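Q: Hi! Could you walk me through this structure while I have it open?

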Amino acid sequence: MTRIAIDPVTRIEGHLRLEAEVDGGAVTDAWSSGTMFRGIELILRHRDPREAWIWAQRICGVCTTVHALASVRAVEDALGIEVPDNARLIRNLIAGIQQVQDHVIHFYHLHALDWVDVTGALKADPAKTAQLAQSISDWPNSSPGHFKAVQDRVKALVDSGQLSLFTSGYWGHPAYQLPPEADLMAVAHYIEALDWQRDVIRVHAVLGGKNPHPQTYLVGGMATSMDPNEPDATINLERIAFIAERFRTARAFVEQVYVPDVLAVAGFYPEWFGVGEGLGNFMVYGDGPAGSLKNPSTFFIPRGIVLNRDLSTVNPLDQQKVAEYVTHSWYDYGSGDQSSKHPWQGETNPRYSGPRPPYDFLNTDQKYSWLKAPRYDNQPMEVGPLARTLVAYASGKPRVKDLVDAVLAKLNAKPEALFSTLGRVAARAIETQVMVEQLDNWLNELTDNLGHGKLQVHDGRLWDPDSWPKQAEGFGWHEAPRGSLGHWVQIEDKKISNYQAVVPSTWNAGPRDANGQRGAYEAALIKTPVADPERPLELLRTVHSFDPCLACAVHVVDPRKRKLAEVQVL
Amino acid sequence: MFQFDTDLPSALERRGISRRRFIGFCAAMTATLALPLRYAPRVQAALEGATRPILLWREFQDCAGNTESMLRSSHPAIADVVLELFSMDYHETIMAGAGKQAEDALQKVIRENKGQYIAVVEGSIPMAEGGVYCTIGGRTALDLAKELCTNAAATIAVGACAWDGGLVRGAPNPTGAVGVQEAVPGIKVVNLGGCPHNAANTAAVLVHYLTFKELPALDEYGRPLFAYGDIIHDQCERRAHYDAGQFVEEWGDEGHRKGWCLYKMGCKGPQATYNCPRVGWNDGTSWPVKAGHGCIACASPRFWDTMTPFYNRLPGVPGFGVDVTAGEIGLGITAATAAAFGAHGVASAVRAKLRPADAAEKERVGVPAELESPVDLSVPVQEATGTPTPDDGRDA
């Protein structure tokens, strides 16, 4: 039995630590720990609810904008505001292109190097690489000369002795199984994706001034004025054309590079459809409204829960059944650490009880993470692309069903194969394809409104805080790239009196609960093979398949229970 | 200086980047630095001689927004930054390695390149409770920052959090967060404030360092004057509407559709310094005011507490003119804003934390101690040897 720790887990957002016990070449138990804490909800207390989104957006800069959207929805829910149709569409567009861009970045820049040996690319034959690339896609950058130039670029890097980002990879690890030509193709697309991601997200700059952290939301709508006849309106026909062009670029890359690459890489690692199974429970809040948020039946991404891998039933969702444990988290509950609490009743008293740094290992029998352990109806849930794909599949959403069946047929796999490390990777690619197809529809709706003089972007009737009730509370949900995100806000005397966020990576990366039930990462890591405990590449594959985002996950503080006097401010 | 192993123009040539494009890049860098175009050949000459300095990028209490912003860099493209211009030997969010292997490799780079690499810090550093609010590899952020920054040629603090604690330091600052210059006093720091930093400016600082062998001229907060020396309001494309008395009165109204001034909607442009209107974001596509929302002064000191509530109108702006300098904005007016908002905002919490003795002194001159730059950051990395600085080279 060997105890190993990976800290930092890299190519993620934030600071994640994994500890695992390895016996007989496989993981027998695992613990997931968030090692950074900021306390943003406490900082939000007493502030203007209309600007909460600007603060909350900074919970994460990788899944930028998702917390802004959840935040304005929470405040609007509290005040009973329905946003104008244009605001609904612009929000769908911003969130949609975010998901597309984020998933492509995840595959190439955060995940691919778990499957692709960069040094393998040096041994590739550029002509054969071109053959491989042309056999799976009609992407134009697939000539032998193109791949030769990329190979030369990698060679120059290696020859210089300065490997830059590739300095400390697990190169030559026996778990790398791609032929050199596939390595070279993937490296070429890694570089192309770097250029692509910065271009397509210029949509956020048009609609929000910048990315990351676009600055464009308003409680009650959006700050993006619309006018077909004004050159200085945020949205006019010229800007629509600019956005449409970016969507074309986005779709071409997804269809011709990303999706074919995922299928190609997955084809070389079929055994990874049997690793990383995880909890088997999947939860989706749903998003992409065609009308009011109060009518989830119109959502582009359907809401629901799949339990115990049973795709015959989609269970309804009741937010009252969400609760969080701190049994193994560095917080105290007044009612005892064995109890759980709904976000409205939640309390969080940060109380670090781990080893004093520097340390080698955590005491995982006790508390070991800054993440809480959220549970639905007392059960742990996986959220994210796989959950969304499964719920949509089980709900009979035609496009998702077609794509899932096509991918499974291509990989000669059964639906159970989706409950795996590569299942998450494939599901992410499938939902990216579905979303990139949808973007044009929302943009066309917006253009129609623009053409018909329907220009309202904001409902200002409740902009003045003097028009608000003395007390109000609400919640806002959003399907962020990494999964179901919820913000809860309570307002008193025009100020925030309580703010709570329960986020995707808390669901996935959280620790054990009072009943000893593992979180999603911890469950998925069990039985993961480990060829070399000194270089645990395989663990990274499974945990990266979730696309961890730890800055999002660790920030929960209940302001009502926190005593400021206990905090030593330097 | 750095170890040279291959030169930039050759590296670019090899992958088909023409000399013409390279010269264009040099011209763009010169413009970002606010140097007269006659300095373009000098920038070019410096880049031609330069090879790949090492960048070691550490993240602490961050959201990775500054990392993402760097990934959006267009001039130079981010692929060029990490493959040809620099050797980014450590960066938690995008490097290949992980765990002990990555930390060991970093130790080796620091040991073997002491005083020669550039440290980049993103995120604040928690000082409370012995630093348990942020650990990496079992070590505290403070421990890691000291090791990284004290051995560096210079440190670049990217974003508001690394500069002055940023959002994480927002009242009541639950984790005792501070910026790197306070956590590790005495190091050479360039503060690239902003939430996030604009990668165009970060690239320009690096190129300036390569060109002139010193950091660019800095203001009293250690921010480069070329990026933070001018008031947003004075560069704003909506300024003419302000002067003409044309204001947005309600979101989405006629004025909003015509691109009128956002001052009445809470825009902080008149008291903010940054170069957003000039360089734009995301390859110059836009910036927040152009896109229709007011400026939140995200590059101003402690803006989360001093510039909030964001939707309240700035006090005392009418009569404000172009003759006020950015330096005065940075100190006096920021303090005035904090005081004005403090009566009904969170800034009162910040002011309440002033040390009693200092507080009395600062009240008199109107500068909250919390807003003062704690160390003198105006010292260049090396003695200037007759090389021009952006200040004296600037067209009047």
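**Helix packing in chain A**

A: Happy to: helix 4 (residues 85-111) of chain A packs against helix 12 (residues 421-451) of chain A at an angle of about 150°, and their axes are 9 Å apart. Axes here are lines fitted to C-alpha atoms over the stretch in contact, with angles from 0 to 180 degrees between N-to-C directions. Helices are DSSP runs of H or I with at least four residues, strands are runs of E with at least two, and both are numbered from the N terminus. This is a predicted model, where local features need pLDDT of at least 70, side-chain atom pairs count only at pLDDT 80 or more, and totals for chains, interfaces and linings use all residues. Residues are numbered from 1 along each chain as its sequence is written, and chains are lettered from A and ligands numbered from 1 in the order in which they are written.

Q: What does that make helix 4 of chain A relative to helix 12 of chain A, roughly parallel or antiparallel?
A: Helix 4 of chain A is roughly antiparallel to helix 12 of chain A (under 35 degrees counts as roughly parallel, over 145 as roughly antiparallel, 65 to 115 as roughly perpendicular, the rest as oblique).

Q: And how does helix 10 of chain A pack on helix 12 of chain A?
A: Helix 10 (residues 385-394) of chain A meets helix 12 of chain A at about 70°, with the axes 8 Å apart. The two are therefore roughly perpendicular to each other. Pro385(A) and Arg388(A) are among the contact residues from helix 10 of chain A, and Ala427(A) and Glu431(A) are among those from helix 12 of chain A. Contact means that C-beta atoms, placed from the backbone, lie within 7 Å.

Q: Switching topic: is Ala78(A) buried or exposed?
A: Ala78(A) counts as buried because it has 22 C-beta neighbours inside 10 Å (buried needs 20 or more, exposed is 12 or fewer, partly exposed is in between, with C-beta atoms placed from the backbone). Ala78(A) sits in helix 3 (residues 66-79) of chain A.

Q: Which residues does Ala78(A) touch?
A: Leaving out residues up to four places away in sequence, Ala78(A) touches Ala472(A), Glu473(A), Gly474(A), Val489(A) and Ile491(A).

Q: What is the strand order in the open sheet of chain A?
A: The three strands run 10-8-12, with antiparallel pairing (pairing takes at least two DSSP bridges). Strand 8 (residues 322-325) of chain A is joined to strand 10 of chain A by two bridges, and Tyr325(A) stands opposite Ser340(A).

Q: Last one: how many residues of chain B are in contact with chain A?
A: 88 residues of chain B contact 91 residues of chain A.

Definitions and conventions
Contact = placed C-beta atoms within 7 Å.
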